[in-house]
Amino acid sequence: MTNEQRTEKLVKELGFDFDSIDKNRIIHLIEEEIDNYQQGSSDYIRLLCGYLYCLGDESDAALLEKAKYNINFDVGCMIDIEWIDSLANRKVDYPVRSREEQIRDFVNYYRGYEADEFD
């Protein structure tokens, strides 16, 4: 299964009802991806980190940072620093969009996500 297919499958499985998504499962999946990175899985890791952002709290910012900075440059570019700054309640020199805006943008990006080919 390609990484795009994994992304599509997870979006279809979990959807966007954040009250029903198991945060511990998302944390486990992120940790697995960090430990067993597959070339080209940047968007899948971004999806996982986005889910954690939408479900998360301040204590989850460290795992998002680990995913952003400890895998490779491509993955780092995919994970939005704004998610980390927002969760960590950091004072930064740029405007941080509201949590609601960021969640809306995440949902809009992945709603209807389709891999190029899916068996």
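Predicted model: local features only at pLDDT ≥ 70, side-chain atom pairs only at ≥ 80, totals over all residues.
Where is glutamate 82 found? Glutamate 82 is found in helix H6.

Is glutamate 82 buried or exposed? Its relative accessible area is 8%, and the cut-off for buried is under 20%, so glutamate 82 counts as buried. What does glutamate 82 contact, once we leave aside neighbours within four places in sequence? The contacts are Tyr94, Pro95, Val96, Arg97 and Gln102. Keep Gln102 in mind, as that residue comes up again in the next part.

Next is helix H7, which covers residues 99–110. If you multiply it out yourself, remember that the count used is one less than the number of residues.

Which residues of H7 are buried? They are Gln102, Ile103, Phe106, Val107 and Tyr110. These residues cover an arc of only 135° around the axis, which puts them on the same side of H7. What covers them includes helix H1 (3–14), helix H3 (42–55) and helix H6 (81–88). After H7 comes glycine 112, whose phi is positive, near 75°.

Helix H4, residues 61–69, can be read in the same way. Its buried residues are Ala61, Leu63, Leu64, Ala67 and Lys68. Their arc around the axis is only 165°, which puts them on the same side of H4. On the other side of H4, Ala62 and Tyr69 are exposed. What do the buried residues of H4 pack against? They pack against helix H2 (23–35), H3, helix H5 (73–78) and H6.

Now the aromatic rings. How many aromatic pairs does the structure hold? It holds 10. One of them joins tyrosine 51 and phenylalanine 106, with ring centres 5.5 Å apart and planes at 75°, so the pair is edge-to-face. The angle cut-off for that label is over 60 degrees. Tyrosine 51 lies in helix H3 and phenylalanine 106 in helix H7, so this pair ties together parts that are 55 residues apart in sequence. Tyrosine 51 has 0% relative accessibility and counts as buried. Phenylalanine 106 has 2% and also counts as buried.

Tyrosine 109 and tyrosine 110 form another edge-to-face pair, at 4.6 Å centre to centre and with 75° between the planes. Tyrosine 109 is partly exposed, with a relative accessible area of 45%, whereas tyrosine 110 is buried at 0%. Ring pairs also link residues into a cluster, made up of Phe16, Phe18, Tyr51, Tyr53, Trp83, Phe106, Tyr109, Tyr110 and Tyr113.

Leaving aside neighbours within four places in sequence, tyrosine 51 is in contact with Leu10, Val11, Leu14, Gly15, Phe16, Phe18, Ile21, Ile26 and Phe106. Leucine 87 is 36 residues away along the chain, and the C-alpha atoms of tyrosine 51 and leucine 87 are separated by 13 Å.

Two arginines lie over ring faces. Arginine 6 lies over the face of tyrosine 44, at 3.9 Å from the ring centre. Arginine 46 lies over the face of tyrosine 109, at 4.7 Å from the ring centre.

What does methionine 78 touch, not counting residues up to four places away in sequence? Methionine 78 touches Ser42, Asp43 and Arg46. The C-alpha atoms of methionine 78 and arginine 46 are separated by 5.8 Å, though these residues are 32 apart along the chain. Methionine 78 is partly exposed, with a relative accessible area of 27%.

Last, the cysteines. How many disulfides does a search of the whole structure find? It finds zero. For cysteine 54, the nearest cysteine sulfur is that of cysteine 49, 11 Å away. A disulfide needs the sulfur atoms within 2.5 Å, and cysteine 54 is in none. Cysteine 54 is buried, with a relative accessible area of 8%. Cysteine 77 is in no disulfide either, and the nearest cysteine sulfur to it, again that of cysteine 49, is 13 Å away.

Key: Residues numbered from 1 in each chain as written. Heavy atoms only, no water. Helix = DSSP H or I, 4+ residues; strand = E, 2+ residues; numbered from the N terminus. Expected span 1.5 Å × (residues − 1). Buried < 20%, exposed > 50% of the residue type's maximum accessible area, 1.4 Å probe, protein only. Arc of directions from axis to C-beta. Contact = heavy atoms within 4.5 Å. Phe/Tyr/Trp six-rings, centres within 6.5 Å; stacked < 30°, edge-to-face > 60°. Lys NZ or Arg CZ within 6 Å of the ring centre and 35° of its normal.
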